[in-house]
Every structure is written in structure tokens, then in C-alpha cells.
Amino acid sequence: MKKLVVKKHNAGSGCFVCGVKNPFGLHTDFFEMEDGTLAAKVTPGVHHQSYPGRLHGGVSAALLDETIGRAINVSEPDTWAVTVEISTRYKKPVPYGVALTVTGRILENNRRLFTGAGEILLPDGTVAVSASAKYMKMK
């Protein structure tokens, strides 16, 4: 079943992940989905590579960190957060130059902290990288 987009998130200016004016950034678009998750669409370029044909693992981690961390805005639009810890698991090589989907969802949420999880999906829907993370809320 296909999920419907509820709302598109605003992008930053200089952010590495979403910044529309960052010439080296990923220019990622974020969308709130009807099921309360956050989805991101991104096509990394050759300047985001590690080995030839492969996205750098740190870039994959940054995409997941941003997507999971932004997922709190679905239920708390005025809350932002800083990463306390993140754990990534690399399952498949991630290519650059192709459209990727990144997902994020909140697992636990309290007054000061929240935890979440997410995945980078290849064009065929295969999970290439997964992550879980904890964040401290900031107003």
C-alpha cells in the first residue's frame, strides 16, 4: 500500500543535508507521511562518494541522523533536537547518482529525549543502511 504525503518540510539554507544554497550539500527533500513517519528523497552525487560508485558511509549516517531527528516535527512541529547517540548498520553498498528514500520514525518520546529509527532504501526498496538514535530536545 502506498503512503500519502501530508506535508513537505521547509529546507535550510546552508545545511549539508537539506540546504538549498549549499553547493556541496545533498539538497534533500523531507515529507511527513500519513502514518506519522518522515520520508526523505535524495540523489547523492559523485562528490559524496567514498569508493568509486559508492556513497560515503558518513554521508549515509548524516542522512539517517537528519531524517530520524526531524521525525519529531511530525508530532511536535516546534521541537528540534541534537543527537545524543546514533548506531548505524550497513547492509548493502549505497550507490550515488540514483534516487534514494530515507525513512525516520519516533519510537519513544518524553519531555527531554526521544529515540527513533530509520532506513536508507535503494530504488528497488531494499534496506541498505539502518539506524537507531537518541536525541535531546531543543526549542
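Guide: This is a predicted model. Its seven strands form an open sheet, with antiparallel pairing and the order 1-2-3-5-6-7-4.

Visitor: Why is one side of strand 1 and of strand 4 left without a neighbour in the sheet?

Guide: Strand 1 (5-8) and strand 4 (80-90) are at the edges and have a single partner strand each, so one side of each lacks a neighbour in the sheet. From one strand to the next, the twist averages 25 degrees.

Visitor: What packs on the sheet, and which strands does it touch?

Guide: Helix 1 (residues 57-70) does so, in contact with strand 2 (29-33), strand 3, strand 4, strand 5, strand 6 (113-121) and strand 7 (127-138). The direction of helix 1 makes about 130 degrees with that of strand 6.

Visitor: How many bridges join strand 4 to strand 7, and how many join strand 6 to strand 7?

Guide: Between strand 4 and strand 7, which run antiparallel, there are 10 bridges. Here Glu-85 stands opposite Lys-134 in strand 7. Strand 6 and strand 7, also antiparallel, are joined by nine bridges, and Leu-121 stands opposite Val-127 in strand 7.

Visitor: Which residue takes a positive phi in the hairpin of strand 6 and strand 7?

Guide: That residue is Gly-125, with phi near 95 degrees; the hairpin has five residues between the strands.

Visitor: How many aromatic pairs does the structure hold?

Guide: It holds one aromatic pair. Planes under 30 degrees apart count as stacked, and the pair of Phe-114 and Tyr-135 is stacked, with 15 degrees between the planes and 5.0 Å centre to centre. The pair links distant parts of the chain, for Phe-114 lies in strand 6 and Tyr-135 in strand 7, 21 residues apart.

Visitor: What is the volume of the largest pocket, and which residues are the closest to its centre?

Guide: The volume of the largest pocket is about 220 Å³. Of its 11 lining residues, Lys-3, Met-33, Ala-39, Lys-41 and Thr-101 are the closest to the centre.

Visitor: Where does the largest share of the lining come from?

Guide: Strand 3 gives the largest share, three residues, while strand 2, strand 3 and strand 5 each supply at least two.

Methods:
Residues are numbered from 1 along each chain as its sequence is written. This is a predicted model: local features need pLDDT of at least 70, side-chain atom pairs count only at pLDDT 80 or more; totals for chains, interfaces and linings use all residues. Side-chain values use heavy atoms; hydrogens and water are left out. Two strands pair if DSSP finds at least two bridges between them. Helices (H or I, at least four residues) and strands (E, at least two) are DSSP runs, numbered from the N terminus. Axes are lines fitted to C-alpha atoms, for helices over the stretch in contact, and angles run from 0 to 180 degrees between N-to-C directions. Contact means heavy atoms within 4.5 Å. On a 1 Å grid over the protein atoms alone, a cavity is a set of points where a 1.4 Å probe fits but cannot get out, and a pocket is an open set with protein on both sides within 12 Å along at least five of seven lines; lining residues have an atom within 4 Å of a point. Grid points are joined across faces, edges and corners, and a volume is the space filled by probe spheres set on the points. Rings of Phe, Tyr and Trp (its six-membered ring) pair if their centres lie within 6.5 Å; planes under 30 degrees apart count as stacked, over 60 as edge-to-face and the rest as tilted.
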